Amino acid sequence: MEELLRSIPILGESILLYLVLAALPLVFMLLYALVTVWVEMKVSAHIQDRLAYMRTGPHGVAQPIADVLKLLQKENTVPATADKFLHALSPYLVFAGTYGAFAAIPFSSAYIGSNIDLGVFYLVAVSSIVVVGILMAGWASNNKWSLFGAVRSAAQIISYEIPAALAILVAVMISESLNLQVVSRLQQGGIQDWIVFGGALPLTQKLLVMPFTIIAFLMLLIAGIAEVNRTPFDLPEAESELVQGYNTEYSGMRFAVFYMAEYANMFVVAAIAASLFLGGWASPFGEFLSGPIWGFVWIVAKGMFIVFVQIWVRWTLPRLRVDQLMYTAWKVMIPALFLCVFAVGLILVL
Amino acid sequence: MTNAVSDYFRTIWKAISTIAIGLKTTFPHLFTPSVTLQYPDQKMKLPERVRNRLYVNIDDCIGCDQCSLACPVDCITIETIKSTPDQDLGVTSTGHKKRLHVPQFDIDIAKCCYCGLCVYPCPTECIVMTDVYEFSEYDRHNLVYNFSRMVPQDIETAKAKLKKAEEEAAAKKAAAAAAKAASADSAPGQSKPPAS
Amino acid sequence: MPETRILPTEYVTDPNLRVTSSGKTIRSEEMIINMGPQHPSTHGVLRLELVLDGEIVMDVIPHIGYLHRCFEKHAEHMTNYQQVIPYADRMDYLASMNNDWAYALAVERLMKIEVPERVEYIRIIMAELQRIASHLVALGTFGIDMGAFTPFLWMFRDREKILDLFEMTCGARLLYNYVWVGGVSHDLPSQFVDQAKAFCRYLKPKIKEYNDLLTYNEIFVRRTANVGVLPADVAINYACSGPMLRGSGVNWDLRRDDPYSLYHTLEWEVQVGKGEVGTVGDCWDRFIVKVREMEESLRIIEQALDRLPEGNVQSAIPKRIRPEAGEIYVRTETPRGELGFYIISDGTASPSRVKARGPAFVNLSVISEISKGAMIADLVAIVGSIDIVLGEVDR
């Protein structure tokens, strides 16, 4: 992709090239957010035996656009006693944390925003910026309930980054690289080479490693849901904290940015899980249906599948209480993942 | 000690199994048809006994005021004018002879609580609850339904006739009383038997 | 965080003063926060004043009266006893049939009217259907408070079928004015029995579905077990009734213990909480009592439908309701508990005083007792499990 763009005379070696490269995920993110809002609406409605919007366009396909338009033209209310600078800055920080993660996700064999060898490490680090944004949002709102929600949310995200990192470690140990492009390339051989099924290892090792990689994958899914603040981990956003937790005092464009950042974060988490465990842009059939364009289709499909699972789980399960949430992270997931890491390491060495 | 450890694993197992059962329960619903009716394109079919907006067939109303008395929220206002014997107001469709003009029959449908208590006492079954439920208005005063069809002229005529009849009756009564007093004066000997 | 220790009481007059390990005195106060009257959860307009120590609830003070509509005063000004029934409907608007029946029963006992057997069976069927409908709402909204959005919509879908049955019979879906003094307003239409039987067959697998999705879900169990434990003696002292009382293990149901109508001739069991997943009297017990009561109601309905005799449902309705002077208190078992009507009649056609003893009002009074030491998230569970309807709390 980069070579293709470089060949266009106007872009060439100028800064415009990098701006275009950076804008591509942004465009993808916006389109994806619209689609996911619609998918969530429809999936949740059909699970609940009802139809969702049917009037804005056939089956409500234009509803997300209507939502965006509505949010754009809404008044931006800022509480009088709020810290105006922080209040304005925090949505964009949250957005930046999510958008920055798009740089290291391999969308196809020909396109990755930034082909650094520390891809995974960078991803885990940059998604922590979200925490800063959330805390800033809760503090700047000058609202007791927002602060409650923000602090809880921060504690939750920080706690669940550790199981996520450990699960990622399992995949990294098998693929022997932190670069997501290399990890995806390693799973090109077809569905049997996917790391969730043991990766491209000799058969005995593969069978021994498979239960642990499956557990690690499921744990990564759960940690991902917790990172995005969705049910069953959405106590910071709902219920006793009324309205929206740290989101309470936001409206209009800033709320739209928060909203979109949440959906984009869902995709980031899904794409990371897909790249590491489900083969990324590699086709499950090996050579058939593979190629640069097909790769993009595959990773989006896998990402959407995991997003669908996230939506499905949201509308099925009740919420965990804050202390139960912490218990799950620290006392259940981390020991289990330590066990996985240890076992996989042992198997690979022996 | 072992109790806590086995509890720990049992909780994890129960959590995983019940979550899996829950997910399995919701997934098939994605493929079952939904139960939503697309109103206003599709409307629910209402049963025949349904109690929605009131309707009064004013031609059948005999002005007995039973519905107004039965209403628990006082949403029916009725005014009647007695008719004189020379007026023939006709007969209702159920055979009752109408003896009262009804110049005002207002129902404030915004106050109505749709209990149906006004329907039962009506002797001519002229007040009924229909199946109309789409009757919202922009102005609240339009929700006061005036069922009477008497024009002000007719109301005045009826009132005038009633007044005249009452005056005539009063005059006749006065004349009869005067005549009795006169006959009692002219025949003093004849005493009436003592009143028991 | 610096370690704080609380000084012995003889050294300090203000219990909020604490001394840190470095010797500084810090003042920690309890935070007072309002929950409501506008709630995101659908309990109605209730204001709960919470006294919090961080996240722990120290005290809950409910403030009610936001939905007070002067039901008892209106009842005195009605021209006859029959006109009070639409008002009684609107007290506990989720269980109208039960409200109507309690009031009608009170007047019937005052006037010593015997109703025909068909009327008794019809009333039982309607009351039990209404019990199922009311429990569906209670369980659904409780699920939503816990974050499970889906069972709520499924339960409302099933409740629509009950409301269709009611609409077919008396014309209204929520506030019926159906049970009258001395009888009922309409006889059952011809297709009622078949449709009701079909509904009973339809609901049984649905209840199993709800159990799969919500009741035995480990997350839900963890949120509700051992939360808001109401010991049996406290429940009795506070005069709790209905599922709250039975959830605490007290085997007391007015339909069996103070029988009215023909409940004692039907075969059904009283469901009591046994503390299966936690302590006896926690929120889960109250939840499971309601689920099981729905199944028992289905049993009662099926038996009553089979036994429905012929008869004229309006033969015992008096032309003029004019009881002799006297007073009476009659109580029945509504989905929320013991609903009692105390009526004083002075011999005229309109009641002199109608007092309604609302179960939700009495059940709500226990909230400060059982939520001491709970977290805010638990408080939402407790309020949901008490199953209040503000129309009845405030009347």
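Helices (H or I, at least four residues) and strands (E, at least two) were taken as DSSP runs and numbered from the N terminus. The model is predicted: local features require pLDDT of at least 70 and side-chain atom pairs pLDDT 80 or more, while totals for chains, interfaces and linings use all residues. Residues are numbered from 1 along each chain as its sequence is written, and side-chain values use heavy atoms, without hydrogens and water.

Chain B contains three helices and five strands, in the order α-β-α-β-β-β-β-α from the N terminus. Its radius of gyration, 34 Å, is well over the 16 Å that the globule rule gives for 196 residues, so chain B is more spread out than a compact globule; the radius is taken over C-alpha atoms, and the rule is 2.2 Å times the number of residues to the power 0.38. Along the principal axes, the C-alpha atoms of chain B fill a box of roughly 125 × 50 × 30 Å.

Of the 196 residues in chain B, 30% are buried (under 20% relative accessible area, 1.4 Å probe, protein chains only). Among contacts in chain B (heavy atoms within 4.5 Å) with a separation of 6 or more, 76% join residues 24 or more positions apart.

The contact between chains B and C involves 26 residues from chain B and 35 residues from chain C. About 2,300 Å² is buried between the two chains, 58% of it on carbon and sulfur atoms; buried area is the accessible area (1.4 Å probe) lost on putting two parts together, summed over both. On the chain B side, His29(B), Arg49(B) and Arg51(B) lose the most area to chain C, together 27% of what that side buries.

Definitions and conventions
Chains lettered and ligands numbered in written order. Buried < 20%, exposed > 50% of the residue type's maximum accessible area, 1.4 Å probe, protein only.
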